[in-house]
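Please find my note on this model below. The points go from the overall fold to single residues.

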Amino acid sequence: MEDAPSTREDEPPAGGTDFVCRRCGACCRWPGYVRVTHEELDSIASFLNMPVRELTEAYCRLTGDRTGLSFIEKENGSCVFLAPDNRCRINPVKPRQCAGFPDAWSFPGYDAVCRGTRASP
Ligand code: SF4
Ligand code: SF4
């Protein structure tokens, strides 16, 4: 899988979806890119109160296809912004890729590794 999604809050998001994230952190640990746009980097830099260039140099790398930027990983393979309690340090401004899993996008069999639940089957 190319793209890794990410942790959501353990509350059902607004907008009608019935998915409830259980904050297992699996989607912030599996291999793949956490793609981030320049607009998202602006928001994240503002949230972290640091210059965009500093944020980019410290926490981003070029994706393998050289078409964009991705967050780097820690030595254990998790996203650099994943906290020990499985919370996302930038949750209010995390990339759309992260916020969109698994409602906006997912992959076959994702529910075998994602511990989130749905109110309806
Ligand atoms: S940015 Fe946050 S939600 Fe996205 S992969 Fe990293 S820790 Fe997970
Ligand atoms: S894998 Fe599923 S339950 Fe676990 S943090 Fe990601 S969205 Fe939430």
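The numbered points cover conventions, fold, helix packing, the sheet, the ligand shell, backbone exceptions and some single residues.

1. Conventions. This is a predicted model, in which local features need pLDDT of at least 70 and side-chain atom pairs count only at pLDDT 80 or more, while totals for chains, interfaces and linings use all residues. Residues are numbered from 1 along each chain as its sequence is written, and chains are lettered from A and ligands numbered from 1 in the order in which they are written.

2. Overall fold. The protein chain contains three helices and five strands, where helices (H or I, at least four residues) and strands (E, at least two) are DSSP runs numbered from the N terminus. Along the sequence these elements follow the pattern β-β-α-α-β-β-α-β. Of its 121 residues, 24% count as buried. For that label, 20 or more other C-beta atoms must lie within 10 Å of the residue's own; 12 or fewer gives exposed, anything in between gives partly exposed, and C-beta atoms are placed from the backbone.

3. Contact range. Among contacts between residues at least 6 apart in sequence, 60% join residues at least 24 apart. A contact requires the two C-beta atoms, placed from the backbone, to lie within 7 Å.

4. Helix packing. Two packed helices are described by the angle between their axes and the distance between the axes. For helix H1 (residues 38–48) and helix H2 (residues 52–59), the axes come within 9 Å and cross at roughly 100°. H1 is therefore roughly perpendicular to H2. The axes are lines fitted to C-alpha atoms, for helices over the stretch in contact, with angles from 0 to 180 degrees between N-to-C directions; under 35 degrees counts as roughly parallel, over 145 as roughly antiparallel, 65 to 115 as roughly perpendicular and the rest as oblique.

5. Residues in that contact. From H1, Leu 41, Asp 42, Ile 44, Ala 45 and Leu 48 take part, and they meet Val 52, Leu 55 and Thr 56 of H2. By class, the contact of H1 with H2 has six nonpolar residues, one polar and one charged. Here Ala, Val, Leu, Ile, Met, Phe, Trp, Tyr, Cys and Pro count as nonpolar, Asp, Glu, Lys and Arg as charged, and the others, Gly among them, as polar.

6. Sheet. Three strands form an open sheet in the order S2-S4-S3, with antiparallel pairing. Strand S2 (35–36) and strand S3 (60–62) are the edge strands, each pairing on one side only. S3 and strand S4 (residues 69–71) pair over three bridges in the antiparallel sense; pairing requires that DSSP finds at least two bridges between two strands. Leu 62 stands opposite Leu 69 in S4.

7. Ligand 2. Which residues are closest to ligand 2? They are Cys 21, Cys 24, Cys 27, Cys 114 and Gly 116, out of 13 residues that surround it. A residue is near a molecule if its C-beta atom, placed from the backbone, lies within 6 Å of it. The shell has six nonpolar, three polar and four charged residues.

8. Gly 116. This residue is found in the loop between H3 and S5. Gly 116 counts as buried because it has 20 C-beta neighbours inside 10 Å. Not counting residues up to four places away in sequence, Gly 116 touches Phe 19, Val 20, Cys 21 and Arg 22.

9. Backbone exceptions. Most residues other than glycine have a negative phi, and most peptide bonds are trans. A cis peptide bond joins Phe 101 and Pro 102, with omega about 0°; Pro 102 is in the loop between helix H3 (96–99) and strand S5 (117–118). Arg 66 is not a glycine but has a positive phi of about 60°. Arg 66 is in the loop between S3 and S4 and counts as exposed, with 6 C-beta neighbours inside 10 Å. Asn 86 also has a positive phi, near 70°. Asn 86 lies in the loop between S4 and H3 and is partly exposed, with 17 other C-beta atoms within 10 Å.

10. Arg 29. Buried or exposed, with 20 C-beta neighbours inside 10 Å? Arg 29 counts as buried. Arg 29 lies in the loop between strand S1 (19–20) and S2. Leaving aside neighbours within four places in sequence, Arg 29 is in contact with Gly 77 and Ser 78.
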